[in-house]
Amino acid sequence: MTYPTQPEASHFVNGQYMEDDTGTPLPVIYPATGEKIAQLHEATPKVLDAAISAAEAAQKEWAKLSGMERGRVLRRAADIMRERNHDLSVLETMDTGKPYQETSVADATSGADALEYFGGLAASLTGEHIPLPGGDWAYTIREPLGVCAGIGAWNYPTQIACWKAAPALACGNAMVFKPSETTPLSALKVAEILMEAGAPAGLFNVVQGKGGVGAPLVTDPRIAKVSLTGSVPTGRKVYAAAAEGMKHVTMELGGKSPMVVFDDASLEDAISGAILGNFYSTGQVCSNGTRVFVHKSIKEAFLARMAERLKDAVIGDPLDEATSFGPMVSEAQLQIVLGFIEAGKSEGARLVTGGNRIDKPGCWIEPTVFADVTDDMTIAREEIFGPVLSVLDFEDEDEVIARANATPYGLSAGVYTRDLQRGHRVIGQLQAGSCFINSYNDAPVEVPFGGVKASGVGRENSKEAIAHYSQVKSVYVRMGETEAPF
Ligand SMILES: NC(=O)c1ccc[n+]([C@@H]2O[C@H](COP(=O)([O-])OP(=O)(O)OC[C@H]3O[C@@H](n4cnc5c(N)ncnc54)[C@H](O)[C@@H]3O)[C@@H](O)[C@H]2O)c1
Ligand SMILES: C[N+](C)(C)CCCC=O
């Protein structure tokens, strides 16, 4: 049996595809139809060991190159990725179900941005000279960490692989990347492209599997750093396991982010922001503003216009460029979301629109809006990771800030207002790492991305990421004699 997107083999190790079909079978399903599109196998201990060994060997040679030489490879990879954007986007759509309208502008393109940005930065990752009393001085050297483990979620497979690989490789590290078991295909293409761009064999390896493959990757003593994108419960486990080995971590985790719409906001812009922050990628975005606090005086106007705007969503074949709303990634995730919708109804929230599974093969659900949601309801407290928007009323600025912050999460926050003083004042008090004023969910590579509180540790993208993929050695140089007390 051949499948439409079957890769050459399940894993990419030491510069080539590798198979071990004794590993647990891993079927890949196209969420738009439920059709099987590839058959992979989870990595066995043999595959995992080969990947880590290859990375260890490659890292030693890669770190000897100058930053300029490393950067050249990454920038070449960015160019190849852009040239192949169409094919990569089609694959991403098949892997995730996200519409081509999105994948063609937000996945491989975002991955290419990261490769280009960190490729450009690589040559300037230098230490400093520190003059000291008596003519002594010190200098610092920015060194790589070694072999980094990257572990991905299923909503942005290409982007996640590149957001982790680009800064890691720029700093002179190697990587073993484990994509989500739900979307294993795109990371293999990232590996192919990096090799084609001139990366040495073993520098970027891909191993497939579920948590049972991720766990031994995290604890392997040859791994110096773990970067996870995933849920908070997984983050707790992975962070704890990494701490046992005193490893560096980046934790990009979940959220339940607030978006605050004041009564002076442009209603159309606020609704656009709420659409981007709740229905893009069928709501499967970590930073989504799923608690939309709308000033009581404009709430009904907001809801009426939102319901109208949602009628323009084009729900259909994700490969059709006109489609703007695709299926959920999997039946399992669809069932989780349906469970939250039931909780919303039974706890007394008002269903304004949507709320139903769409009756066709695949994992389809309507964009859903609840109103009259209160802070204690399940849908206002827990991350849903699906297209479910909750509108909560507020009347007072201090009140809404306190309520917005009353969550263990802190990934993102947004404010819509025409009063820019208020916008800055409010955003300054919201406990979140990635914030927006009169916008939502923008994530250019130049800007740090990540959360506070339970939503994460460390930052991806921007110059901030360098600190998380390198360490500083300091060297004290005495110019005179060494004095000792005896
Ligand atoms: N902050 C961010 O940048 C960001 C981005 C995308 C998704 N997310 C979050 O990811 C979640 C959705 O993705 P998901 O369902 O794939 O998350 P998940 O936590 O179920 O899985 C994430 C990854 O961790 C692996 N994993 C699971 N158990 C493991 C273990 N014990 N050791 C090592 N690896 C293990 C999984 O196989 C997968 O690759 C949401 O909570 C979402 O908010 C966060
Ligand atoms: C670029 N986005 C859309 C903000 C996604 C970031 C990764 C979170 O899921």
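Colleague: How do the residues of the shell around ligand 1 divide into nonpolar, polar and charged?
Modeller: There are 10 nonpolar, 13 polar and six charged residues. Ala, Val, Leu, Ile, Met, Phe, Trp, Tyr, Cys and Pro count as nonpolar, Asp, Glu, Lys and Arg as charged, and the others, Gly among them, as polar. This is a predicted model, where local features need pLDDT of at least 70 and side-chain atom pairs count only at pLDDT 80 or more, while totals for chains, interfaces and linings use all residues. Residues are numbered from 1 along each chain as its sequence is written, and chains are lettered from A and ligands numbered from 1 in the order in which they are written.

Colleague: Which of the residues around ligand 1 come nearest?
Modeller: Of 29 residues, the nearest are Gly 211, Gly 214, Gly 230, Thr 234 and Gly 254. A residue is near if its C-beta atom, placed from the backbone, lies within 6 Å of the molecule.

Colleague: Where does ligand 1 lie?
Modeller: Ligand 1 lies between domain 1 (11–254 + 455–473) and domain 2 (258–437), because both give residues to its shell. The domain bounds come from an automatic or database domain assignment.

Colleague: Which helix gives the largest share of that shell?
Modeller: H8 does, with four residues. Helices are DSSP runs (H or I, at least four residues), numbered from the N terminus.

Colleague: Other topic. Which residues meet between H2 and H7?
Modeller: Ala 77, Ile 80 and Met 81 in H2 meet Ile 193, Leu 194 and Glu 196 in H7, with contact meaning C-beta atoms, placed from the backbone, within 7 Å. By class, that contact has five nonpolar, no polar and one charged residues.

Definitions and conventions. Contact = placed C-beta atoms within 7 Å. Helix = DSSP H or I, 4+ residues; strand = E, 2+ residues; numbered from the N terminus.
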